[in-house]
Amino acid sequence: MSVLSRAPFGRMITAMITPFTADGELDLKGAAALAEYLVDVGNDGLVVNGTTGESPTTSDAEKEELLRTVVEAVGTRAKVIAGVGTNDTRHTVELAVAAQKAGAYGLLVVSPYYSKPPQAGLAAHFRTVADATGLPVMIYDIPGRTGVPVATDTLVHLADHPRIVAVKDAKGDLGASSWVLARTELAYYSGTDILNLPLLAVGAVGVVSVVGHVATVRIRSMIDAFDAGDAVRARSLHLSLLPAYEGMFRNQGVIMTKAALHIAGLPAGGVRPPLVDATEQERERLRADLAAAGIDLSADVATATAGSA
């Protein structure tokens, strides 16, 4: 018997980086290869053009081209969720409409950042975007980046919209999340890797992970163990991943993820300014962190490559 509730976007989702070429342009061939790899190792879905995909520094045209590439690469094997959130409702609607045309399965809509709108503004923003297409919407609540949390009552009211079906929760407030889960049917996804298991314990249905780039198999195993009612194994896997969770965020997440993919020999490239690439010292520390978590990137890549051959 399954412990977890229905998961509209699947249970294991990785928020995918955007690979760039040596001269900083989109690496579409690399993006297709990375997307295929992530699905091969166990992802049910991929977020494209999210913050981890460096969406603040990619153009609208690049976003559409990248989304089409990933959709074509994974086909029906995974749900492709398009990050479309900006701090401008009109622009967000434009990106949402373009994402639907490009073949996205659903939309990830982050709270408008920097402007610090009141709760009424947040609610109007999410409803307007949800009204603009026929795609299911996942609200992304990450006040550490946006400056404003989506309040419990706001999420409860938004839950009555037929296309607002999920929340990517990076609020870090298990109490607030619990209250929304108690009052709505919204599907919660952990957006903070170190809280993946705690959020599952209070009712989340899956994860939208950055560490999934390097630990999909282990995180997936943790989710499956919890879903099967094996809390002891789930806890053991969670604790074993702590060095990876810490190491992947010793510096900014995109920077460290691309460093990890470089170590693994997977497509990534550098980051776009104002981000800067990881130093060799940071890469060496990351290798040690991943090793402490029992993650052998070269072995995982070899296994996935052999399995898809």
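Biologist: Where do R285 and D289 lie, and how many residues apart are they?
Modeller: In this predicted model, both lie in helix α13, 4 residues apart, which is about one turn of the helix.

Biologist: What do R285 and D289 form?
Modeller: A salt bridge, with the closest N and O atoms 3.9 Å apart.

Biologist: Is D289 buried or exposed?
Modeller: D289 counts as buried, at 7% relative accessibility. R285 is partly exposed, with a relative accessible area of 44%.

Biologist: Which residues are joined with R285 and D289 into one network?
Modeller: E246 and R250; the four are joined by salt bridges that share partners.

Biologist: How many salt bridges are there in the whole structure?
Modeller: A search finds 15. One of them is between the side chains of R77 and D40, at 2.9 Å from N to O.

Biologist: Which parts does that R77 and D40 pair tie together?
Modeller: R77 lies in the loop between α2 and β3, and D40 lies in helix α1, so the pair links parts that are 37 residues apart in sequence. R77 is partly exposed, with a relative accessible area of 45%. D40 is also partly exposed, at 34% relative accessibility.

Biologist: And what does R272 form a salt bridge with?
Modeller: With E62, where the closest N and O atoms are 2.9 Å apart. R272 sits in the loop between α12 and α13 and E62 in helix α2, so this pair ties together parts 210 residues apart in sequence.

Biologist: Are R272 and E62 buried or exposed?
Modeller: Both are buried.

Biologist: New topic. Which residues of α10 are buried?
Modeller: A234, L237 and H238, in the helix that runs over residues 231–240. They are on the same side of α10, because they cover an arc of only 100 degrees around its axis.

Biologist: What do the buried residues of α10 pack against?
Modeller: Against α8, α9 and α11.

Biologist: Which exposed residues are on the face turned away from the buried side?
Modeller: V232 and R235.

Biologist: Now cavities. How many of 30 Å³ or more does the structure hold?
Modeller: It holds 1. The largest cavity has a volume of about 50 Å³.

Biologist: How do the lining residues divide into nonpolar, polar and charged?
Modeller: The lining of the largest cavity has 6 nonpolar, 3 polar and 1 charged.

Notes
Residues are numbered from 1 along each chain as its sequence is written. This is a predicted model: local features need pLDDT of at least 70, side-chain atom pairs count only at pLDDT 80 or more; totals for chains, interfaces and linings use all residues. Side-chain values use heavy atoms; hydrogens and water are left out. Buried means under 20% relative accessible area, exposed over 50%, partly exposed in between (1.4 Å probe, protein chains only). Helices (H or I, at least four residues) and strands (E, at least two) are DSSP runs, numbered from the N terminus. The arc is that of the directions from the helix axis to the C-beta atoms. Contact means heavy atoms within 4.5 Å. On a 1 Å grid over the protein atoms alone, a cavity is a set of points where a 1.4 Å probe fits but cannot get out, and a pocket is an open set with protein on both sides within 12 Å along at least five of seven lines; lining residues have an atom within 4 Å of a point. Grid points are joined across faces, edges and corners, and a volume is the space filled by probe spheres set on the points. Ala, Val, Leu, Ile, Met, Phe, Trp, Tyr, Cys and Pro count as nonpolar, Asp, Glu, Lys and Arg as charged, and the others, Gly among them, as polar.
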